[in-house]
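Biologist: Please take one part of this model and go through it closely, giving the cut-off for each term as you use it.

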Amino acid sequence: MTILPNGLTIEESHAGHGLKTTVHYFNLPGDDYAALVRQVEIQNIGGAELELELLDGLPEVLPFGVENSNYKEMGNLLRSWMDVFNLENGIPFYKLRSSTNDDAEMSSIESGHFYLSSTGEGEQLYPIVDYEVIFGGNTSLTYPDRFAALPLAGLLAQAQYPVNKVPCGFSGTARTLAPGASLKLNTIIGHVNDIARINHRAAELCREEYFAAKALEAAALTEDLTADIATRTSSPVFDAYCRQSYLDNLLRGGYPFIFDNGAEGFVVHLYSRKHGDMERDYNFFSLAPEYYSQGNGNFRDMNQNRRNDVFFHPKVGSFNIKMFYSLIQADGYNPLSVQGTSFEILPDAGDKLKAWLAGALEGDDDGLERLLAGRFTAGSLINYIADHQIMLQISEQEFLSGVLALSQQNIEAAFGEGFWSDHWTYNLDLVEGYLDIYPERRGELLFGDETYAFYDSAAYVLPRSEKYVISGGKVRQFGALLEDEEKLHKLKRKASDTQWLRTQGGHGEIYRTSLFVKMLSLALNKFTTLDPYGMGVEMEANKPGWNDAMNGLPGLVGSGMSETLELRRMLVFMLEALENTADLPSAVALPAEIAALLTQVDPAVTEVLDGSLDSFLYWDRVASAREAYRAEIRFGITGETADWSLAVIRDMLALWLRKVDQGIELAVTMGNGLVPTYFRFEATRFQPVTDEAGEPVISGYGLPKARVEAFEASALPYFLEGPTRWLKTLDNKQTAKEIYNKVKQSGLFDPVTSMYRTSVSLEAETHDIGRIRAFTAGWQERESNFLHMSYKYLLELLKAGLYEEFYSELKTSLIPFLDPEVYGRSTLENSSFISTGGNPDPHTHGRGFVARLSGSTAEFLSMWRTMMAGSSLFATRDGELTLALHPALPGWLFDEQGEVSFKLLGSTEVTYVNPRHADTFGDSKVVIQTLALTFRDGAERVITGGLLRGADAEALRRGEIAAIRAVME
């Protein structure tokens, strides 16, 4: 079996029968229908002539309209709707006759799946769609009883009844094969809105030339998509792994395609979908069946997988920053589900649109005008034109650009379920990635664009008075969220619609502000959610952080240090941004509600830092202020603003940083020198809440309420995430080395596989912490090498300058350097997790399991860019743009010619020439001596040293330099 980026080939030889069978699959690209192509070739490898009768196909084809879950639960009943149409044209069209819902309103089903098979000579083959014709009563579909008993001609003459059953899709032919001769069948299994389109093209779609061209196009598609990361080192497997990781990353985060709109362009992420791998059977994903298709995804996943967008595609600009910061709510949380973006015509562009359509269309089309009257996607617009055979007087691309020039782009999202405590922590990575390419735009980014919005969810985080309850004699935090029906009713909203925070209590205009104000609001919300000891950020909204399997921690009033460490990063970033205020405004306008919360928090921080307020009373006071703020903004804000001086904000942020640092120091002490990832809090003193009659007051969750008077914190066993995030906050290499040594000496390192585990043993923990405790050790999130997290740790070693340690770990932890026999799958693709030595089944140790599409690809791409180009790329010096390449490459990665090459910014081929095969780091490192530039217009220039300045740096960023040859000495 050979697995290709966009294809799969299975080959089998049978010497006894003298037959070699090759089956090749690929996704059909670049046409007006979606399909999978199956090509079967039978070759006579014997010495005698063979007479063959062949049937090939699918034993079951589920008609369109069948939902997977319904088929599993009501498969028998659903057979009543199933039918196969269009047999008179020899191209079966599989669909249900109508909708299957038990409602008063019924709907017809027009779209369907189709099956078209032909020989290599272009002969269309008649299909068999009734499985009983082939298998008879053998419902296992493992042996073709009827075909074994009847000649093919007799089988094809049988009456077919593809009703009351799941139909099949088979086609056959008879052939005499001389030695060395072969027989080929080409089959398209596809989906289309109107089968007449396929009927009309049947002859074309049966030609061998069509399949040959599409096979080449399919292979070229993935080759072109991954050209952005084309890499050449001494390891061909590593080079191929780079491409596959890039491909898998875009399948989850999307490929940024920029539509022309007459200005900077609209960014649409093609291909994206939720995890995108069928191995994750618990994750539903969908792709729109249209051109320029987009899919659904989770906030965290899309966010992290788009981290490197600007590095590979500088024209993406601040799009992702705008999207994911706008999705942060005024309470600091965010929706789970992120959909593809949509468009709508600008309110004042109606007349311009009519004029454009009049010039672009050969005639009027009311349906198209109705489509453009609401929200649409680029794909739905092109689909409509294709499906209705609308004639354009200009090209499709010109037409689309003209419409988009009159449109605005909309972010689409939905609450989903729960509020995870960590999702926001990925946002700053987007900002840092942007500023690494556009460092001169920091002030403009933070203050220049005042069109950022606040997502407004119908879910509401309840105050402690509603979610602190007594269970088994202990205080627990259950029922933390309210899905706010009152809000939906009051504001006349639907839960599935994308909504934004509005003024006038939710009835006014969408409130818009700058990125800096969004950051300040987020920092404020997270700072006021620090736990009673001031260490971790509370998991107070029903969900944990990155490790979903710790789902019991919110109930244990848990908190996470990972989020606190990310809060520290954000505070440091904001303080650095405010160091030089020469080109910044003197003040920013804050919503009155945020300003009021700041006014309450500021003195409390001062008092707790000077010792006049104890930590519990501080926590209670700040948490109460936060809860009052949430109640105030529940439906919306007033729209009133207050101007706050940046100098005042800077002083306030500095105090917050002091408070956060105290909490981190305390956490490290409790962790005996290694920061814990999680804490749980037990109420050591509390009072039941009673009514006037002395009876317990019952919460919405159904348990008696409690009022806590004292907490005691306890750290959970070590997890890898805490030290990993800790490394992100450090700029001291020696401290990073000490952390590395402590981690390696702990149970986080697995000596059996020489990999890192998500945690040390959890055997001593109770099942209260979450499903992770019920998992087998060394499996899923429990004590396994969860690739996303171990890669994140490796990345931080690299960024901390621990190059020797990084490359030592790389040999045993990076997938392309593993033994495929042990790994159990292709070492070009990642796994969700690798079983470690703690698993009781030794046969699993070192094997990869479950979906390859995860955050691991984002972490690897960040490793790759740091290895190839260094931690920092562009900078401004003396008012001009500069670019410096600081690769962190070991000598063994240079090929026989002493070269390593890679694509920089997705378009410039950079080749490092290192004849001595020396490391580019360490005391004996080689450094760049000269840079030879080749411009796309043919011009050439050689620069001494490794720094590009001014016009050259800007030309590189614009993609005007085709190649750079960097000679090292």
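**A cysteine, then a helix**

Modeller: C206 is buried, with a relative accessible area of 2%; buried means under 20% relative accessible area, exposed over 50% and partly exposed in between, using a 1.4 Å probe and protein chains only. This is a predicted model, in which local features need pLDDT of at least 70 and side-chain atom pairs count only at pLDDT 80 or more, while totals for chains, interfaces and linings use all residues. Residues are numbered from 1 along each chain as its sequence is written, and side-chain values use heavy atoms, leaving out hydrogens and water.

A disulfide is a covalent bond between the sulfur atoms of two cysteines; here it is counted when a pair of cysteine sulfur atoms lies within 2.5 Å. The closest cysteine sulfur to that of C206 belongs to C168, 18 Å away, so the two are too far apart for a bond. The structure holds zero disulfides. C242 is also buried, at 0% relative accessibility.

Now the helix α26, residues 733-745. Helices are DSSP runs of H or I with at least four residues, strands are runs of E with at least two, and both are numbered from the N terminus. The expected span is 1.5 Å times one less than the number of residues; for the 13 residues of α26 this gives 18 Å, which agrees with its end C-alpha atoms being 18 Å apart. A736, I739, Y740 and V743 of α26 are buried. Seen down the axis, the buried residues fall within an arc of 100°, so they line one face of α26; the arc is taken from the directions from the helix axis to the C-beta atoms. The face turned away from that buried side carries the exposed Q734 and Q745.
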